[in-house]
Amino acid sequence: MPSQPLRIRGEVVEEVEDYKYLGVVIDNRLDWKSNSEAVYKKGMSRLYFLRKLRSFNVGSRMLEIFYQSVVASAIFFAAIISYGGCLCQAFVMYSFVCSDTSLLTVMVFDRYLAICRPLQYHTVMTKRRLSEL
């Protein structure tokens with residue numbers, strides 16, 4: 001027997017496989033597998049940057065601040081961070097924005113030369129110019 005559609009105030013509610021609400025993934029089986037996978041993926045992507053910082057011989061106190069403010073805040077939905085941790089988060093976000101903007105600018109310049117001035121491309125885009133960009 002097919003189930004009747006769920007109605008709230010006379011409107012049919014669409015049935016979905018899973019739904020993200022306030023950072024928590026709720027699925028139609030009411031298990032936590034999809035939410036756990038999402039938190040794991042987010043935590044692992046942020047741990048990548050922690051490993052990179054450690055490879056640059058950053059001090060242990062700075063690594064702890066980075067972990068508490070960037071990694072733990074993603075894993076534990078309500079992490080309390082210090083003022084230094086807040087500054088660390090702001091610096092990380094600012095660094096990502098600057099690096100993304102710089103990379104996009106170089107890509108736009110490269111595409112402009114390749115499309116609009118293809119005969120001059122190798123003259124302009126030398127190894128020295130690439131290192132300057």
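Reader: Leaving aside its neighbours within four places in sequence, which residues is Asn35 in contact with?

Author: This is a predicted model, in which local features need pLDDT of at least 70 and side-chain atom pairs count only at pLDDT 80 or more, while totals for chains, interfaces and linings use all residues. Residues are numbered from 1 along each chain as its sequence is written, and side-chain values use heavy atoms, with hydrogens and water left out. Contact means heavy atoms within 4.5 Å, and beyond its neighbours within four places in sequence Asn35 is in contact with Gly23, Val24 and Val25.

Reader: Does Asn35 count as buried or exposed?

Author: Buried means under 20% relative accessible area, exposed means over 50%, and partly exposed lies in between, with a 1.4 Å probe and protein chains only. Asn35, which is found in helix α1, has 9% relative accessibility and therefore counts as buried. Val58, in the loop between α1 and α2, counts as partly exposed because its relative accessibility is 26%; not counting residues up to four places away in sequence, Val58 touches Leu53 and Leu63.

Reader: At what angle do the axes of α1 and α2 cross?

Author: Helices are DSSP runs (H or I, at least four residues), numbered from the N terminus. Axes are lines fitted to C-alpha atoms, for helices over the stretch in contact, and angles run from 0 to 180 degrees between N-to-C directions. The axes of α1 (residues 33–55) and α2 (residues 60–75) come within 9 Å and cross at roughly 170 degrees, which means that α1 is roughly antiparallel to α2 (over 145 degrees).

Reader: How do α2 and α3 pack?

Author: Their axes are 8 Å apart, at an angle of about 70 degrees, so α2 is roughly perpendicular to α3 (65 to 115 degrees). In this contact Ile65, Phe66, Ser69, Val70 and Ser73 of α2 meet Gly84, Gly85, Cys88, Gln89 and Val92 of α3.

Reader: Which residues make up the largest nonpolar core?

Author: A nonpolar core is a set of buried Ala, Val, Leu, Ile, Met, Phe, Trp, Tyr and Cys residues joined through side-chain atoms within 4.5 Å. Here the largest one has eight residues, namely Leu50, Leu63, Ile65, Phe66, Val70, Val71, Cys88 and Val92, and α2 gives the most to this core, with five residues. Phe66 touches, not counting residues up to four places away in sequence, Arg46, Phe49, Leu50, Leu53, Val71, Cys88 and Val92.

Note on methods:
Helix = DSSP H or I, 4+ residues; strand = E, 2+ residues; numbered from the N terminus. Parallel < 35°, antiparallel > 145°, perpendicular 65-115°, else oblique.
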